[in-house]
Amino acid sequence: MIGAEERRPGWPEILAAAVAYILCYIIGPPIISALTHDESVASGLSLAALSGIMGLLAFFAAFVIRDRSWSAFNVRAITTRWIFLSVGFGLLAIVMTRVVAGIAVAIIGSTDGDPQGDYHDAANAGPLALILQLLFIAVLTPIGEEFAFRGVISTALSRYGAWVSVIGSTVIFALAHGINLAMIPALVVGTINGILLVRTKSVWPGVIVHAVNNGLATLLGVLLG
């Protein structure tokens, strides 16, 4: 039998995922800009969908290069108990994010660094746009990003120990969101999900945390204006 150390993804999978993700990052936004003419609602919906698609393409780029099972990338079922616990951690993530963001804004004195204005415009453009935005940002994006950053990167780095897995994947995840206010939720969610992956050996708790955080953040943005 092949040992767990040999089955899990490694640097070839990280490289394949990184190349796919970076290519999407370079090519995707200009195409969206050209197709939407930078109209904020259409752009916000398209960019939200792109964030999930990028993650899925990165994951499958890593998945296909060698003979690996789904479980090798920690895509495995979880218990009902962990589903409820993950919802709780998602609620914790949204609270922590707002507290840390409030402190950061108080120090910086501006929110001009927030790159997600189009996301907010899309969510506030009526019921249909809100439903689509929630599907993209709270379903597609959590699946795509967790499969890529936790399923590939965290899992591959776990061969060097839990701390390297959590910290390494969190830093990469945060940097992928850019040097701006979007790094704050990325750092919070990335840390929680990295720890959950180590604890449960499954990407699904992270998907749930990510979905709760993104979904509530979107709804709060609509309710609070």
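Does Asn 193 count as buried or exposed, and at what relative accessibility? In this predicted model, Asn 193 has a relative accessibility of 1% and therefore counts as buried, the cut-off being under 20%. The residue is placed in helix 8, which spans residues 183-200. Leaving aside residues up to four places away in sequence, Asn 193 is in contact with Glu 146, Arg 150, Gly 206, Val 209 and His 210.

Two of these contacts, Glu 146 and Arg 150, are themselves joined by a salt bridge, with a distance of 2.8 Å from N to O. Both residues belong to helix 6, where a separation of 4 residues places them about one turn of the helix apart. Glu 146 and Arg 150 are both buried.

The structure contains 2 salt bridges. Another pairing of this kind links Arg 66 with Glu 13, and the closest N and O atoms are 2.8 Å apart. Arg 66 is located in the loop between helix 3 (40-64) and helix 4 (80-108), whereas Glu 13 is part of helix 2 (residues 11-36), so the pair ties together parts that are 53 residues apart in sequence. Arg 66 is partly exposed, at a relative accessible area of 35%, while Glu 13 is buried, at 0%.

Helix 6 (residues 127-157) also packs against helix 7 (residues 162-176), at an angle of about 140 degrees and with the axes 8 Å apart. The crossing of helix 6 and helix 7 is right-handed. On the side of helix 6, the contact involves Glu 145, Phe 149, Arg 150, Ile 153, Ser 154 and Leu 157. Helix 7 contributes Val 164, Ser 165, Gly 168, Ser 169, Ile 172, Phe 173 and Ala 176. Sorted by class, the residues of this contact are 7 nonpolar, 4 polar and 2 charged.

The largest nonpolar core comprises 28 residues, of which Phe 59, Phe 73, Val 75, Phe 147, Phe 149 and Val 152 touch the most other members. At least two residues of this core come from each of helix 2, helix 3, helix 6, helix 7 and helix 8. The greatest share is that of helix 6, with 7 residues. Not counting residues up to four places away in sequence, Val 75 touches Phe 59, Trp 70, Phe 147, Val 203 and Trp 204.

Note on methods: Residues numbered from 1 in each chain as written. Predicted model: local features only at pLDDT ≥ 70, side-chain atom pairs only at ≥ 80, totals over all residues. Heavy atoms only, no water. Axes fitted to C-alpha atoms, helices over the stretch in contact; angles between N-to-C directions. Left-handed = near helix turned anticlockwise from the far one by under 90°. Contact = heavy atoms within 4.5 Å. Nonpolar A, V, L, I, M, F, W, Y, C, P; charged D, E, K, R; others polar. Buried < 20%, exposed > 50% of the residue type's maximum accessible area, 1.4 Å probe, protein only. Salt bridge = Lys/Arg side-chain N within 4 Å of Asp/Glu carboxyl O. Core = buried A, V, L, I, M, F, W, Y, C linked by side-chain atoms within 4.5 Å.
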